[in-house]
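Please look over the sequence and the structure below.

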Amino acid sequence: MHINATPTTQNEAWGFWGTMGGHACVAWPVAMQQIAEVTGEPLESVRAFLDSKQGRHFADSVRDGLAGGLSINAAVAQAITKWMDWKIGRITARETGIPRGLPYLTGFVIHCGLDEVCY
């Protein structure tokens, strides 16, 4: 039987992991799975996103939910909804090449997966 292990962070100091602090060990696999399910992108692309500057900003959204009393699962789900509701605008599309109108989360997960260097 082949087990598809969740990739570990390659950026413990910054990105999602560093921003989540003491919650990182629990929040990482939850975020990896939920983001992969919603975006349809592979776990390696999700890992690249979470390790990026954008992953740090995503973690800020998760921490907002935790501060509001949500569980980690609910805080990640709320952050995903927020990031899926935002759309890539003209300036971001021009700067990154991500198609305008694409959900922010999907766009940056794809972008990070392709580049492995996200700003």
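This is a predicted model: local features need pLDDT of at least 70, side-chain atom pairs count only at pLDDT 80 or more; totals for chains, interfaces and linings use all residues.

In outline, the C-alpha atoms fill a box of roughly 40 × 35 × 25 Å along the principal axes. The radius of gyration is 13 Å, which agrees with a compact globule, because a globule of 119 residues would have a value near 14 Å. Buried residues account for 48% of the 119 residues.

The protein chain has seven helices and zero strands. Among contacts between residues at least 6 apart in sequence, 49% join residues at least 24 apart.

Now turn to the interior. In soluble globular proteins, nonpolar side chains tend to be buried together. Here the largest nonpolar core has 35 residues, and those that touch the most other members are Phe16, Ile35, Phe49, Leu50, Phe58, Val62 and Leu105. At least two residues of this core come from each of α1 (15-20), α2 (24-39), α3 (43-50), α4 (53-67), α5 (72-85) and α7 (104-115). The largest share, eight residues, is supplied by α2.

Phe58 shows how such contacts are made up. Leaving aside neighbours within four places in sequence, Phe58 is in contact with Phe16, Ile35, Phe49, Leu50, Val76, Ala79, Ile80, Trp83 and Leu105.

Note on methods:
Residues are numbered from 1 along each chain as its sequence is written. Side-chain values use heavy atoms; hydrogens and water are left out. A nonpolar core is a set of buried Ala, Val, Leu, Ile, Met, Phe, Trp, Tyr and Cys residues joined through side-chain atoms within 4.5 Å. Buried means under 20% relative accessible area, exposed over 50%, partly exposed in between (1.4 Å probe, protein chains only). Helices (H or I, at least four residues) and strands (E, at least two) are DSSP runs, numbered from the N terminus. Contact means heavy atoms within 4.5 Å. The radius of gyration is taken over C-alpha atoms; the globule rule is 2.2 Å times the number of residues to the power 0.38.
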